[in-house]
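Q: Please take a close look at one chain of this model. I would like its domains, its core and its contacts in one connected account.

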Amino acid sequence: MDDETKGVTRRGLLKGIATTAVAATAGSAAVLAEEARKAPAGPGLPVSITVNGRAQSGVFEPRTTLAEALRETWGLTGTKIGCDRGACGACTVLLDGLPVNSCLTLVHDADGRSVTTVEGLGAPEALSPVQKAFVEADGMQCGFCTPGMVVSAEALLRKSPNPSPDEIRAAVAGNLCRCGTYAGVFAACEGAKKGARHG
Amino acid sequence: MAEPTKDAPKTKIRVGLAGKTVEKEVEIPAGDPPPFAEGQVRRVFGGRSPRLDGRFKTTGRAVYTHDVRRAGLLYGRFLRSPHAHARIVSVDTSKLAKIPGVVFEVLEKKVVRYQGDPVLALAAPSAAAAEDALHAVDVTYEVLPHVVVLEEAMKDGAPLVFDKPVEEHRTAGDAPGAGGKVEQTGNVRGPRASGRGEKDFAKLFAEADGVLELSFRTQVQTHACMETHSTFAEWKGDELFVVASTQGIFSVRDELAQALGLPKDKVHVSAEYVGGGFGSKFGAGDHGLWAAKLSKKAGRPVRLVLDRKEDQLAGGNRPDSLNRMKVAYRKDGTVTAFEYVCHGTAGVATGAGTGSVVKNSYAFPNVRVEESDVFTNLGPGCAMRAPGHPQGTLAVEAALDEIAARLGLDPVALRLKNDPVDIRREEWERGAKLIRWERRAAISERNREAEGKGLPLRRGLGCAASVWYNIVSPGSQVIVRVHRDGRVEVENGVQEIGCGNPTTIALTVAEELGLSPDAIRVKWGASSYPFGPASGGSTTTVSLIPAVRAAAWQAKNKLAAVAAPLLSVSSGAEVAVGPDGFAAGGRAVSWKTVCAKLPGDVLVATGDRAKDYDGTDPRLFGVQFAEVVVDVETGLVSVEKVVAVHDCGLPVWRTGVESQIRGGVLQGISYALFEERHVDRRTGRVMNPNLETYKILGSKDVPEIVPILVDVYTGRNNTQTRGVGEPATIPTSAAVVNAISHALGVRITQIPVTPARVLAAAASRRKEVTA
């Protein structure tokens, strides 16, 4: 899981015992990457970003958002797009360690910088302390907002290892969860803070 | 449904509230395992445990429809009407046709009836290219008069949304009774009349000690699933492979097969993870059909994802409602007659009725309900988490509170007068205790003191009941495979939209086979697996889990026969299965040892959903209590606590049920206080089709929620289980509104209870007090 290539994450997914390899959901990472390189990118400029510790580059139109680049070009689909205008937080990633809405961040503004996505925090077989706490506290239902929640929680706990309940609420105030699973999210943040202390 | 045969064997089982069960004779279908009995210890079924797909969801490895990528992928989009009502004069695609790599099709329609009505579908090699391509289309519209307000649409001479009567189609999440043919006059389709008891209501009203007339108005709520509606489609030869963000894999398959003229076995639908549904994702949708058609045309895979604006405009919604009530009651609080007339608009669709609650929640002896749909030039409404029920509950529970206030009775005492069901009475009692309802009179007194001193804060307590139904979608089938190396797999096609089906399936199999839940590999989310129910109407668990147990039980029986010779007992002997393997006659043999003796490579067992047996009342109940603080100077309402007491038979997975109840409560609070679709009357356009000005409850608005489960032996299926998705949200908004009314001393009769409405209510109270 230190190697965050698309191939590895896809294989990680397929390996899981509680999930199933529905044929229609598995694309060939190599083919997709090749296609992304060859695709007519329009009036584009090159961008190089460190994503989850790994150098990524591409040629992008100025209007391309970081969320689009992560998802469509680099295959990191853990970062979700819920509203595409910064209202729901499903696209939250860490940019140089700070949480941002990647749908409101142009990929060119991330040039030369470092991005951490939810895939970079941990993997199904090696959950990060925050991810583990989310599973233990049932901090999710449908799971679509969960990557954004996890990244926001990670940012909080890095900044403030022992947050108060109010700080926890404020940290995920930009993340909407329509299933209404906030109590689990708060409990996960509490759990991660203790876990981080003892871990 | 099969007629019961005369000499069908009857079995005596105990049914009803845990601890207060009674004996009942029921007919248990042959081949179905004996139902879970009271006092029987269950190891993992019914307990708290982690969500088994949690490690995929928390790490971003769960793949949703939005995430499906493929070499050669095209990005699908719709061009949609900017007008509420217009005739399409021409669609000029000459510029579009010159863009390389773009495929498109003009939809066959002459009139658009709402802002967001699709006009043209296209697909292009990138999201940006698809966006650009939309701008290359020139549509000439002749704008027609529109109507977007319920009351205006009901008037004579209002612009007609449809010039012909409209037929209603049922979907899986609808309330019972929806569908069928109904009169249509102008934009009003209805009334659909129903009821029970006496016909002569004039007499009942004349004989009553009191008669209350009250109206309650509710707004349009959108589902706002975090994953917008979306479909991925690709063809391999003449077979269609679809990944759909859906609540009903099999309904999407059937719908696409029909629409495209394909046999069902040529359409393959999968949906492993779905980012919410709440009733809006049952059908294939325009997006599904056009993803498939454009993919066929292009010879390439297409992913068609609605953006948030499209989703808010055209992705479905909970219709608004205007509910007029006339209620006759006796001095002791008994309701003797309930007349209920409701109108609502689902835009260009139907399904706005809210009257089921009046008929089913309480034991009102005489009920008369008239429900009408009113068409307007707005996006189609559809099923949303307990269709009609939050609306009807808001109305009925406001009326009951008002009658209690007029009679000087305690609101809970008044409800108990009208509520003979033992399960619900137990729930009233437990909920009242947990919210400390006995403080209510003292709180009223303190509110009067605060008012006298000119202080801003008021406190309020409110309550409301829930009713929903034991809806079983027939036909679920489950396959359990036990491999010679000891691995266990279980297959069912059901989707996972957040209810936790992979976990409940694993828990049920693990319970029966004496294994750990994480040792069960669940294969779900594809039409290639055996039929599974749609996720809606609180039908999934009740329809599926008994079939899961039946399959696991069959597997266990087959394994016991394999184990018998190893245990030196006869093949028909009782063999116990537990975490230590198989045991009989004082001997034990491990799981692995037995599996190694399987005659073939794999043991296959199947289970069907047997017909329900007639144990208890086929309704689900529940009560909720809310405590609020209202600031009469700012108009802000703060919900401090909600106690939610529910029954869902025997819960399969307590953690998941509690999460679902908390979520239902939050959607209810959000509906009561924040959410509202705003439409400009002049242009007929929605002004807030997004998630920043369409306000949804967020982290800072979350109160303390206490979910309580009352176990019930339903005597209807082998796991005694039921759903809870809808009941969890039905009474919340009513309990919150009643609490606000208590705090203000003014009856609130419209949601959302915005600060402006609170201030207006507080002002009317001041006028009343000073007058």
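A: Chain B divides into domain 1 (14-39 + 422-470 + 618-771), domain 2 (65-80 + 86-144 + 230-305), domain 3 (147-228 + 316-420) and domain 4 (472-608). These bounds come from an automatic or database domain assignment. The model is predicted: local features need pLDDT of at least 70, side-chain atom pairs count only at pLDDT 80 or more, and totals for chains, interfaces and linings use all residues. Residues are numbered from 1 along each chain as its sequence is written, and chains are lettered from A in the order in which they are written.

Take domains 2 and 3 of chain B. Their C-alpha centres lie 36 Å apart. In domain 2, 18 residues are in contact with 20 residues of domain 3 (contact: C-beta atoms, placed from the backbone, within 7 Å). The domain 2 side of chain B has five nonpolar, twelve polar and one charged residue. Here Ala, Val, Leu, Ile, Met, Phe, Trp, Tyr, Cys and Pro count as nonpolar, Asp, Glu, Lys and Arg as charged, and the others, Gly among them, as polar.

Next, helix H7 of chain B, residues 285-298. Helices (H or I, at least four residues) and strands (E, at least two) are DSSP runs, numbered from the N terminus. H7(B) has 14 residues and reaches 20 Å from first C-alpha to last, close to the 20 Å expected at 1.5 Å a residue (1.5 Å times one less than the number of residues). Its buried residues include B:Trp290, B:Leu294 and B:Ala298. Buried means 20 or more other C-beta atoms within 10 Å of a residue's own, with C-beta atoms placed from the backbone. Just after H7(B), B:Gly299 takes a positive phi of about 65 degrees.

Now the largest nonpolar core. It holds 277 residues, and A:Ala153, B:Val242, B:Val509 and B:Ile740 touch the most other members. Such a core is a set of buried Ala, Val, Leu, Ile, Met, Phe, Trp, Tyr and Cys residues joined through C-beta atoms within 7 Å. Leaving out residues up to four places away in sequence, B:Val509 touches B:Val480, B:Val488, B:Val490, B:Ile520, B:Val548 and B:Ala552.

Last, the chain partner. In chain B, 63 residues are in contact with 65 residues of chain A. H17(B) gives the most to the chain B side, with six residues. By class, that side has 28 nonpolar, 17 polar and 18 charged residues.

Note on methods
A residue is buried if 20 or more other C-beta atoms lie within 10 Å of its own, exposed if 12 or fewer, and partly exposed in between; C-beta atoms are placed from the backbone. Two residues are in contact if their C-beta atoms, placed from the backbone, lie within 7 Å.
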